[in-house]
Amino acid sequence: MKRNLRLKVLALILAAGATSAAQAYDGDWKRGRIYFRHVCTACHSAEVKKAIPPNERTKAEWAAYLQADKHNKGKDSVTKYFSKQYRDSIKSKNAAAAKFADVPENELLQDVKVFVNKGAKDGDAPAGCS
Amino acid sequence: MRTGIFVVALLASMLLAPAVNAASEPVPAKLLKSTSDHTKFKALQQEFNSGPEVTKACLSCHTEAAKQLHQTEHWKWEYKNPQGQLLGKKTLINNFCISPASNEGACNSCHIGYGWKDDTFDFTSEVNVDCIVCHDTTGNYRKPAGLAGNVIAKTMEFPPGSGKIVKGINLKKIAQSVAKTSRDTCGACHFYGGGGDGVKHGDMDSSLAAPEKEVDVHMDALGLNFTCATCHMTKGHQVPGSRYAPTAQDKGAAHLRGKEYKTIPTTCQACHGQAPHKKIAKLNDHTDKVACQTCHIPAFARGGVPTKMSWDWSTAGKMGPDGKPLTIKDAKGHPIYMAIKGDFVLGEDVVPDYRWFNGTVTYTLRSDKVDKNNEPVQINRYEGSASDGKSLIWPVKIMRGKQPFDPVNKTLVVPHTAGNDDTAYWTNFNWDKAIAKGMATIGEPYSGKFDFISTESTWPITHMVAPAKNALRCRDCHASGGRLEKVPDIYIPGRGSDHARWLDTAGWAIAVLTLLGVLGHGLGRVILSKRNH
């Protein structure tokens, strides 16, 4: 019983530590911009024939979208497209995925979060597709 | 109880672990690019209420920076060319927004200073130098048009009376994040010259902020990732490579580290040397007549941002059915008519014009006489010829315009366009008042009569270098109707205008006769062979 409790406490502390480490990372908006444009926009333009400029949504809308983590009307997750597995799967034909192949998933996601927040319709620097 | 002790011990070990590790086994840290962490500087650990306050803090360490800046074209907006013409944004007229003069409040948001709203601006002030505009890394630094280069540090209604609330920028955070210049900082002005994204240059727009390789092989964000300063290598804040003093032909060697050179570092040759084509050496035979850019920049405005190819001010002033200033947009949403500016023609993936160019550019100044009998007026004229030994064939953007001039004094005029006052054209749509105010501001005579005159300006195409596989091929020029068809005074094999009909006929006749001879000979051999058997 006590052993179980100790394990739970340990797991909690480790989880808290990991969360605070992730939160401590501010995000690199320039790297986010590159990943957003060369992976997200490139795929949307090719597959859906419609780009996704950051300035089409407000900061709140982007935050809600990323928080919900539902991509393609909930058929899969947004985070899937930041995973190392996904990057590995496209890196032979996508230079951004290749260049950032070893970047931790949470950092890359944070980079893009910072970029779309900044580039949102009501962001500090509204950004189109170019 | 024992669980509690365990938890405390665990927490303590987690907190202390890094320190113990640091002492026993150093953990490799991420290598910082800079030797300074600006968040640690006391001078920057304060709230700033204005740009000059930040500059004062910067200068407390970088003591000579403002003095260096004061000597630059970026600060003075003045440059005297070898012909003795006084150029620079301060005095020149163009055929985009025409002139910053009398419109300083709006245009001078792109000056590297704070507060240049009229001719009382103090060019000797050190704190008026804007360090952040070139060294920001946050991308949040803004100098809104209308504030004469000042920033909004506290949330306020802007423009006054508009009801629009603009959030103040966090100058402390921005100041603590400064670093070297980037494509974003240079681009904040140079991508938006002429009043909007990509408007002026054609080979510079926001697509260069994080471009793909196809748009610019050097700036490719996932490849070489050049910044502007990689080529425009700056010494003491002096930036080489101004279009006011262009280098048309660089016969110097590729620059090696440690050696001193008299040639500037911005040319292609400064890195690639004089014989850059290793696989097809024949191409090196072209470099004495053809600029690198001619073949390696097959088109401009290739990044998805259109550039303005013409601007007709004479049609400005139309109101829509609602009585408000009319705006018409194209299918992609880009304005092609604005009541405040007139009609535009936009271009994407534009094939350049080509000119002989020897590096000399002569400008039409405010005091020069212009005449409707000599339209279009050349706002600037690229000098050069096939025979001067200094010229190369260069790609250029030709900007065509129709702009106001004084038909009595026969001069181009400076209108006062931007502002909330009654004389600003964008407020009252009255050319008489706008021109009178503009000309009075610059101290030049105005007859009280105005008309519109056609103009052309020439812009060098030198950015947006394509990957080698997308460079021009032989047939792009060596063919009838090729790109260099109209370039005079040079023989280009295969070019339509260089064809001598008699020579072509004789050549083809020889070829046909040769073919007939070969076929006849072969046929004879076959027939004789059959007979012999």
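Predicted model: local features only at pLDDT ≥ 70, side-chain atom pairs only at ≥ 80, totals over all residues.
Trainee: Why are helix 2 and helix 6 of chain A called roughly perpendicular?

Mentor: Look at the angle. The axes of helix 2 (residues 29–48) and helix 6 (residues 105–119) of chain A cross at roughly 90°. The label covers 65 to 115 degrees. Therefore the two helices are roughly perpendicular to each other.

Trainee: How far apart are the axes of these two helices of chain A?

Mentor: They come within 7 Å. Two packed helices are described by the angle between their axes and the distance between the axes.

Trainee: Which residues make the contact between helix 2 and helix 6 of chain A?

Mentor: Helix 2 of chain A brings Trp29(A), Arg31(A), Gly32(A), Arg33(A), Tyr35(A) and Phe36(A). From helix 6 of chain A come Leu108(A), Asp111(A), Val112(A), Val114(A), Phe115(A), Val116(A) and Lys118(A).

Trainee: How many residues of this contact between helix 2 and helix 6 of chain A are nonpolar, polar or charged?

Mentor: Eight are nonpolar, one is polar and four are charged. Gly counts as polar here.

Trainee: Now Trp77(B). Does it count as buried or exposed, and what makes it so?

Mentor: Count the neighbours. Trp77(B) has 22 C-beta neighbours inside 10 Å. Buried takes 20 or more. So Trp77(B) counts as buried.

Trainee: What is phi of Trp77(B)?

Mentor: Phi is near 55°, a positive value in a residue other than glycine. Trp77(B) sits in the loop between helix 4 (73–76) and strand 1 (79–80) of chain B.

Trainee: Why is Asp69(A) called partly exposed?

Mentor: Asp69(A) has 13 C-beta neighbours inside 10 Å. Exposed means 12 or fewer, and buried means 20 or more. The value lies in between, so Asp69(A) counts as partly exposed. Asp69(A) also has a positive phi, about 55°, although it is not a glycine. Its loop joins helix 3 (59–68) and helix 4 (84–90) of chain A.

Trainee: Which residues of helix 8 of chain B are buried?

Mentor: In helix 8 (residues 183–190), they are Arg183(B), Asp184(B), Thr185(B), Cys186(B) and Ala188(B). These buried residues pack against helix 6 (132–135) and helix 9 (228–231) of chain B.

Trainee: What is omega for the cis peptide bond from Phe158(B) to Pro159(B)?

Mentor: Omega is near -5°. Pro159(B) lies in the loop between strand 3 (156–157) and strand 4 (165–166) of chain B. The bond from Glu375(B) to Pro376(B) is cis too, with omega near -10°. Pro376(B) is in the loop between strand 10 (361–363) and strand 11 (377–378) of chain B.

How values were computed: Residues numbered from 1 in each chain as written. Chains lettered and ligands numbered in written order. Axes fitted to C-alpha atoms, helices over the stretch in contact; angles between N-to-C directions. Helix = DSSP H or I, 4+ residues; strand = E, 2+ residues; numbered from the N terminus. Parallel < 35°, antiparallel > 145°, perpendicular 65-115°, else oblique. Contact = placed C-beta atoms within 7 Å.
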